[in-house]
Amino acid sequence: GVETASDAAEEGDTGQEQDAPDSAPDRRLPSMLPSVANVDFQDFDLTRGDISGVVTWSPPADTSAISGYEVYLTDSSGDRATGIHWGTTPLGTDMLEVAENTSLAGYTHIFVHTRSVLGESP
């Protein structure tokens with residue numbers, strides 16, 4: 001089966017510093033974007049190695065810094081670079097449909113990451 005996991009937001013920064021006046025907008029990611037909770041997926045595809053269904057999650061309590069979500073199929077490490085990006089949903093859409101006969105491609109976990117207008121949570 002496929003396991004689900006909320007992303008574990010870590011402190012992050014775009015690495016871009018600005019020596020601009022105080023009136024300039026802050027162009028860095030917040031030190032920590034809030035995480036989703038209760039990621040769930042039930043597989044309705046009967047074919048071994050394939051899945052289909054709907055990934056659901058609960059949004060963070062404070063979504064003021066969030067613009068949407070990124071959903072990945074990956075291994076237990078949650079490494080997006082080696083996983084499969086399933087899709088992006090806007091704020092207010094707390095689910096992503098997985099089409100019938102979607103291959104697991106050897107992966108075992110689903111991760112949902114929060115996204116802001118400045119980038120994606122680590």
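How many of the 122 residues of the protein chain count as buried? The share is 36%. The model is a predicted one, and the paragraphs below walk through it from the overall fold to single residues.

Start with the fold. The protein chain has zero helices and eight strands. Read from the N terminus, its elements run β-β-β-β-β-β-β-β. Among contacts in the protein chain with a separation of 6 or more, 66% join residues 24 or more positions apart.

Next, the open sheet. Three strands make it up, in the order β2-β3-β6, and their pairing is antiparallel. β2 and β6 are the edge strands, and each pairs on one side only. From one strand to the next, the twist averages 15°. Six bridges join β3 and β6 in the antiparallel sense. In this region I51 stands opposite T102 of β6.

Those two residues lead on to a tryptophan. W86 touches both I51 and T102. In soluble globular proteins, nonpolar side chains tend to be buried together.

Now take β4. Is β4 largely enclosed or open? Seven of the seven residues of β4 are buried, so the strand is largely enclosed by the rest of the structure. Both of its faces share in this. G68, E70, Y72 and T74 point one way, Y69, V71 and L73 point the other way, and all are buried. β4 also has two strand partners to follow. With strand β5 (residues 84-90) it pairs in the antiparallel sense over six bridges. There, Y72 has H85 as its bridge partner. With β7 the pairing is again antiparallel, over seven bridges. On that side G68 stands opposite R115.

E70 lies in strand β4 and R115 in strand β7, so the pair ties together parts that are 45 residues apart in sequence. Side chains of opposite charge can pair when their charged atoms come close. The salt bridge count for the model comes to one. The two ends sit in unlike surroundings. E70 is buried because its relative accessible area is 4%, under the 20% cut-off. R115 has 26% relative accessibility and so counts as partly exposed.

S52 is buried, with a relative accessible area of 8%. The S52 side chain reaches the backbone nitrogen of D45 at 3.4 Å. Leaving aside residues up to four places away in sequence, S52 touches two stretches of chain: F41, Q42, D43, F44 and D45, and then V98, A99, E100 and N101.

E97 lies in strand β6, yet E97 is exposed, with a relative accessible area of 62%. Apart from neighbours within four places in sequence, E97 is in contact with G53 and V54. E97 and G87 are 10 residues apart in sequence, and their C-alpha atoms are 9.2 Å apart in space.

Last, a loop. Where is S64 found? S64 is in the loop between β3 and β4. At 66% relative accessibility, S64 counts as exposed. Its side chain makes a polar contact with the side chain of D62, at 2.7 Å. S64 and L91 are 27 residues apart in sequence, and 9.9 Å apart in space from C-alpha to C-alpha.

Terms used. Residues are numbered from 1 along each chain as its sequence is written. This is a predicted model: local features need pLDDT of at least 70, side-chain atom pairs count only at pLDDT 80 or more; totals for chains, interfaces and linings use all residues. Side-chain values use heavy atoms; hydrogens and water are left out. Buried means under 20% relative accessible area, exposed over 50%, partly exposed in between (1.4 Å probe, protein chains only). A polar contact is a pair of N or O atoms within 3.5 Å; within protein, one must be able to donate a hydrogen and the other to accept it, and residues adjacent in sequence count only if both atoms are side-chain atoms. Contact means heavy atoms within 4.5 Å. Two strands pair if DSSP finds at least two bridges between them. Helices (H or I, at least four residues) and strands (E, at least two) are DSSP runs, numbered from the N terminus. Axes are lines fitted to C-alpha atoms, for helices over the stretch in contact, and angles run from 0 to 180 degrees between N-to-C directions. A salt bridge is a side-chain nitrogen of Lys or Arg within 4 Å of a carboxyl oxygen of Asp or Glu.
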